Amino acid sequence: MAPSPRDRLGTVVRYLGPKLVQFAFVIWATYTVTFLLIHFLPGDPVLAALSLKGGDATTTDPAELAALRAQYGLDGSLWQQYIGHFLSALRGDLGVSIATGQPVADMVARALPNTAAVAVLALVLGVVTAVVITFLAFVSPWRWLRQTLLQIPPLGVATPAFLSGLVLVSVFSFGLGWFPSSGSRNPLGVVLPAITLALPVGAIFFQVFSAAVLEAMAGPYVFTAVAKGLSTRTIFLRHVLRNSLLPSVTILGLLIGYLAGGTAVVETVFSRDGIGRITVDAVLARDTNVIQGVVIVVALVYSVVNLLVDLSYGVIDPRTRPALGGRRTGTGRAGSPQADSPQAGATSVDAARDKAVIES
Amino acid sequence: MSRSTPTFSRWVAAPVAALATVGLLAACSTPLASAKDTVIFAIKEDPTCLDPQQTSLTTALNIGRQVVDSLTDQNADTGEIVPWLAESYETNDDLTAFTFTLRDNVTFSDETPLTAGVVKANFDALAALGSAASLASQYLAGYENTVVTDDTTLTVNFSTPNAQFLQGTSTMTLGLVAEASTAATAEDRCQSVIGSGPFVYDSYVPNDSVVIVKRDGYDWASTLREHTGEALVSTIEFPIITENGVRTGGLESGEFDIIQDLPYADEARFDTDDFTLYAKANTGVPNSLIPNTSRPIVSDDAVRHAMLLGTDREEIKTLTGAATAEPPTSALTSSTTGYVSQADAMEYDPEAAEKLLDDAGWVLGSDGIRAKDGVKLSVSVTAFYAQDVLETVQMQLKKIGIDLQLNMVTAGDFFGVIASGDYDFLGAALTRTDPDALRVLFSQAASSHWAIVDNAELEGVLTEQAKTADPDARASLVEQAQELIIDNAYLIPTLETTQLHASVANVGGVTFDSASRIVLYDVRIAE
């Protein structure tokens, strides 16, 4: 009996509903915690902003400061500022930066593409390298080679980005002159920052991915495939890869969220504009509007990415899809995938094996 | 007949020939030119605001100087004020009215002409900006109005005598912008202004770079410069490189032609034939400990005198300063007009310092710190930069039994502390070209003074010098002020901060103006 459209709709809502509520809650909670943190920090935002421009000529005359405070709207009650700012943020108006006088939305829009360019390239480089090294470890006939290959990527996390960035600049920029050392004017300027970021990002992805691959490798369906005579490459691409995607996609989502926050260290070493740097500058300048604007945007990106990751589980692994129109199977597991996946994967593998045995 | 003619012609020919040779040589001397058309000048921080009238950040002022011109110019070596956009000027006797006559044919980069009305618009807009343009508002303290007599003559009137104003008109802080810029909002002005300078703003990408391009038809350079007419290069790029290592590495590899702020530690590395170093001490009050004498221990004269005699300025300079710098020897730096050395009163003498403290009843405790009536001799200094200088002072004062606590804060918190008065000492410099900086810092009547002192004689001298037009009379008052400040230990100078920049050896024409900021009008790159 086919499920009625109403049942289908019901299932989808039951599936998506909690996730959308979670999405909204994360954004609201981030905003509130940031607001509380900023406003209970010591220091006067107006003086901090003035001292950016004024240097040692900054006025400290109380009358002038009070006038400026009123001018920037920093004199309402805490509750008024909280609600007012949240409502305008919902409308899309992120306010004006006290330090630079620019609309916050403009500043974020200007910095985001720079961060995105480096982040995307870093992700691509990191993921591709991780997959390649994992494949080589997978196909290597000698155990010692496999163990060695598995130990290389963790170096990427061990080396601080500050050090690797400066070394890369010294060697490839000043030494060989292949890449510019700074700035975003030259399109090649993306490469060295991306490599610096790809080291820790690729290493973290590699840890999760290779663990998932090695686990999938030990699965009985691989034994069956080998027995059937498939080549190692086909086994890797067709069977192992797809089964190790669940945890990898999860960690990818987390990494995208991390990169969306910008990495101030890489941006400083390579003198690039980006989300990380404007955040650091805003915190030092007590520029509340910029801090809140950046936090909301980053939380938004992070939540959207995680929502997509959640939804992608259904696409990747049919076993996690809720049966439309009736029994709920596997919806609970998608909520905390990273912790549960290896075990979930194992039980699904067993179930799949049983199914394969029965159906063959 | 044939005898006298050769003699006569020899007597005439020689000088004529000499004159002709000189003339030929003069005509043959090649005009200044640059082999490369773009100069890359790496700066150390984001200028944040590109409007030279609003900002006090040295980086922003270094860039702004190339884009705006000023009414007057000041000779960096002699301190003499010379005409620039104003071909003549006069002041009245009590420094409340300044009349300027502008030169002809000056235009801004939007092709509007420079008239007295535009200058009036500049000053009125600045006065309206108020404390958003902090440094300019100090130069314009007491500003009443500007009266335009005709297209090229104007008079600026003040309600109280303003000693800094004329010197201020030579800085880029009172540099002139076009009328369209005076009408724009402060935030828009920070993105770009229209000036009459040899360069024009081309682009500003925050945290990335600033680019300025040559102004065609520029022909009103100051007489203090090396050439006339347009700039010698067509573009100057200022990439923003905050990492010291990347900046110096880029200079070494040739990626950058000039870099701003060479760290002192790298000075020796670039002191070779392949590079040129540019060093000039900041003008104004040197980096010092500025006291709040209303605080309990700081109010003790003996403590302040002991601190003054117990700091070894030579050692501070060796450890933290530029090799070419001089240790401070007065309340003003040695490059400021009106500086008079107080070296005798400030000479490093730790034994004398200890004797002063012993006589005042501060007894050395077992932990090496003195105490009196159960109160330890512990004072704090609040600062937002130059931590290495303060750490050196802390080490030196420990030797005579004084405990100096360091309180490093952000810039905003530093001014918050000044506003609330919650400090023993402040650790900072005040960079100004005019000796009126002493009044800004010490006069309790000044709006944003940093030192809290109670000395009627000093107050009187500072107020008087601000009203004195006669240069010699004023100079003697400024000398008196320095003596009073050092004799009462109202200031403990530590370091004369030096602007230290570096370039590749084939760069020429980089000079400092009287405020130790950079002028790039003559910059050129040889083969």
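These are my notebook entries on a predicted model.

**Conventions.** I count residues from 1 along each chain as its sequence is written, and chains are lettered from A and ligands numbered from 1 in the order in which they are written. Because the model is predicted, local features need pLDDT of at least 70 and side-chain atom pairs count only at pLDDT 80 or more, while totals for chains, interfaces and linings use all residues.

**Confidence, chain A.** I looked up pLDDT (the predictor's confidence in each residue, from 0 to 100). Chain A has a mean of 80, and 85% of its residues reach 70 or more. Over residues 325-360 of chain A the value stays under 50. For that stretch the model has 37 contacts beyond four places in sequence; two residues are in contact if their C-beta atoms, placed from the backbone, lie within 7 Å.

**Contact between A and B.** I find 40 residues from chain A and 44 residues from chain B in it. On the chain A side, helices H2 (45-54), H3 (62-71), H8 (161-175), H13 (264-269) and H14 (275-284) each supply at least two residues. Helices (H or I, at least four residues) and strands (E, at least two) are DSSP runs, numbered from the N terminus. H2(A) gives the most, with six residues. I sorted the chain A side into 13 nonpolar, 17 polar and ten charged residues. Here Ala, Val, Leu, Ile, Met, Phe, Trp, Tyr, Cys and Pro count as nonpolar, Asp, Glu, Lys and Arg as charged, and the others, Gly among them, as polar.

**Chain B overall.** I list 16 helices and 25 strands in chain B. Its radius of gyration (taken over C-alpha atoms) is 26 Å, close to the 24 Å that the globule rule gives for 527 residues, so chain B is as compact as a globular protein of that length. The rule is 2.2 Å times the number of residues to the power 0.38. The C-alpha trace of chain B spans about 105 × 60 × 55 Å along its principal axes. Of the 527 residues, 52% count as buried (20 or more other C-beta atoms within 10 Å of the residue's own, with C-beta atoms placed from the backbone). Among contacts in chain B with a separation of 6 or more, 69% join residues 24 or more positions apart.

I followed S8(B) (residues 199-205) to S9(B) (residues 209-214), which pair in the antiparallel sense over six bridges; strands pair if DSSP finds at least two bridges between them. Val200(B) stands opposite Val213(B) in S9(B). The two strands form a hairpin with three residues between them, and Asn207(B) in the turn has a positive phi of about 65 degrees. S9(B) also runs antiparallel to S10(B) (residues 235-239), joined by five bridges. There Ile212(B) stands opposite Ile236(B).

How values were computed. Buried ≥ 20, exposed ≤ 12 C-beta atoms within 10 Å, placed from the backbone.
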